[in-house]
Amino acid sequence: MKLYMVSLGCAKNQVDSEMILGVLKNKFELVKTPDESDLIIVNTCAFIESARKEAIDTILELTDYGKKVVVCGCLSQRYKEEIKKLLPEVARFITIDEYPMIGSIINDVMSSDYNYNDFDFLNRIYTTPSYMRYIRISDGCLNRCAFCAIPLIRGKLKSRTIENITEEIKNALADGVYEINLISQDTTKYGFDIYNKLALVDLLKEIVKIEGDFKVRLLYLYPDIVTDELILFIKNNPKIMPYFDIPIQHSEDKILKAMFRRGSKEYLINLMKKIKKEIPSAIIRTTLIVGFPYEEEDDLLNMIEFIKEIKFDRLGAFTFSMEENTKACEYPNTISENEKQRRYELLMSAQKEIALEKNKEYIGKILKDCFIIGYDDESYMYVARNYAYAPDEIDGAIFVAAKKELKLGQRINVKILDYDEYTLTGEEYEN
């Protein structure tokens, strides 16, 4: 039989999709278009309203092909009963809790009796480029941020063992992978459920013992448990990229308190300065929310001054989305969507100037260990990343002119000649 699959949302969802493909790999041929398939699987995101709309639009589009359509992921988990009534065209909705049984569920849908593989991290069909992998170290979250529905969807923290994670990394390196991206809902809380302590540094100690030419990136660090121990470990271990992805959500104490976020503005300022003092080459990325209930104009202006002081290397922002059954639903939602958008544009305009200022500093510099991730047909240039750029184009990229053909994943040095707020442009540099 033939399978067409769509995976929406974040990299954590992508890992689930890869494990689903691993379950089905011996009995289904993966095809590139839905009209070729016997079965269509849509793995959905339901984090915010725009993600839910994208998921429903995608499902409706794919049901038009007249194939069996199965929907899994966060939309199925969050709206177990409601979604069945909304989309009767779907053959089966599979919740995240049902993933260990997904083989038998597919058998029911397709009226087959295959023996499928187990749903397992070590049995995946990887959909990332050959030079990189996402390694999910835990699922779920112990935080209860007022705006966030993730604990309602994914449940409490569920960490993998250090042994299981390192086994997957060794398998990745055997396949020629260079960049390992450790992901979870809260990477800094790793291991708290199974080891009764914060065990991220313990995990990293085992990872850096693994032989091979590779780098590790940490994604999604909660600010108040970015410990001195973690900062110094990253500083002293070159296998760990000095890339700190620390979503802080807001800068102002009254908003942080309403969000149920731990820490304070003073703490955040001191943390960012500490990281840069210990690791001057560190890249700090954050995410902010504008238009949260109780946010006033002064709060926005203060947040803009805050980012001008910190000068984040990377910054993304969202307008506040009211998510049912979260604490924020009890707050007065008096900020209009137009006003939220205005605030978003003001914030990002300020960040654009910061990004331009930072990228200007790269002119004439040689960036080492840049790896090729693609080719841009419009500019006739290669596209590259180094430690300073996370995957999936969230940070921009480096455009590279080269005199000879380069290969995907190949690592080179690049001399920077030009810039804008999102990209650097240069040429391959050979000593």
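Predicted model: local features only at pLDDT ≥ 70, side-chain atom pairs only at ≥ 80, totals over all residues.
Guide: Local features here need pLDDT of at least 70, side-chain atom pairs count only at pLDDT 80 or more, and totals for chains, interfaces and linings use all residues. Residues are numbered from 1 along each chain, and side-chain values use heavy atoms, without hydrogens and water.

Visitor: Why is H10 called roughly parallel to H12?

Guide: Helix H10 (residues 228-236) packs against helix H12 (residues 265-278) at about 25°, with axes 10 Å apart. Angles under 35 degrees count as roughly parallel, so H10 is roughly parallel to H12. The crossing of H10 past H12 is right-handed.

Visitor: Which residues of H10 and H12 meet?

Guide: From H10 come Asp-228, Ile-231, Leu-232 and Lys-235, and from H12 come Leu-271, Lys-274, Ile-275 and Glu-278; contact means heavy atoms within 4.5 Å. By class, this contact has 4 nonpolar, no polar and 4 charged residues.

Visitor: What makes a residue part of the lining of a pocket?

Guide: Lining residues have an atom within 4 Å of a pocket point, on a 1 Å grid with a 1.4 Å probe; a pocket is an open set with protein on both sides within 12 Å along at least five of seven lines. For the second largest pocket, the volume is about 820 Å³. Its lining has 40 residues, and those closest to the centre are Ile-283, Asp-313, Arg-314, Tyr-362 and Ala-388.

Visitor: Which element gives the largest share of that lining?

Guide: H14 does, with 7 residues. Helix H14 covers 337-360. The lining divides into 21 nonpolar, 6 polar and 13 charged residues.

Terms used: Axes fitted to C-alpha atoms, helices over the stretch in contact; angles between N-to-C directions. Helix = DSSP H or I, 4+ residues; strand = E, 2+ residues; numbered from the N terminus. Parallel < 35°, antiparallel > 145°, perpendicular 65-115°, else oblique. Left-handed = near helix turned anticlockwise from the far one by under 90°. Nonpolar A, V, L, I, M, F, W, Y, C, P; charged D, E, K, R; others polar. Points joined across faces, edges and corners; volume = space filled by probe spheres on them.
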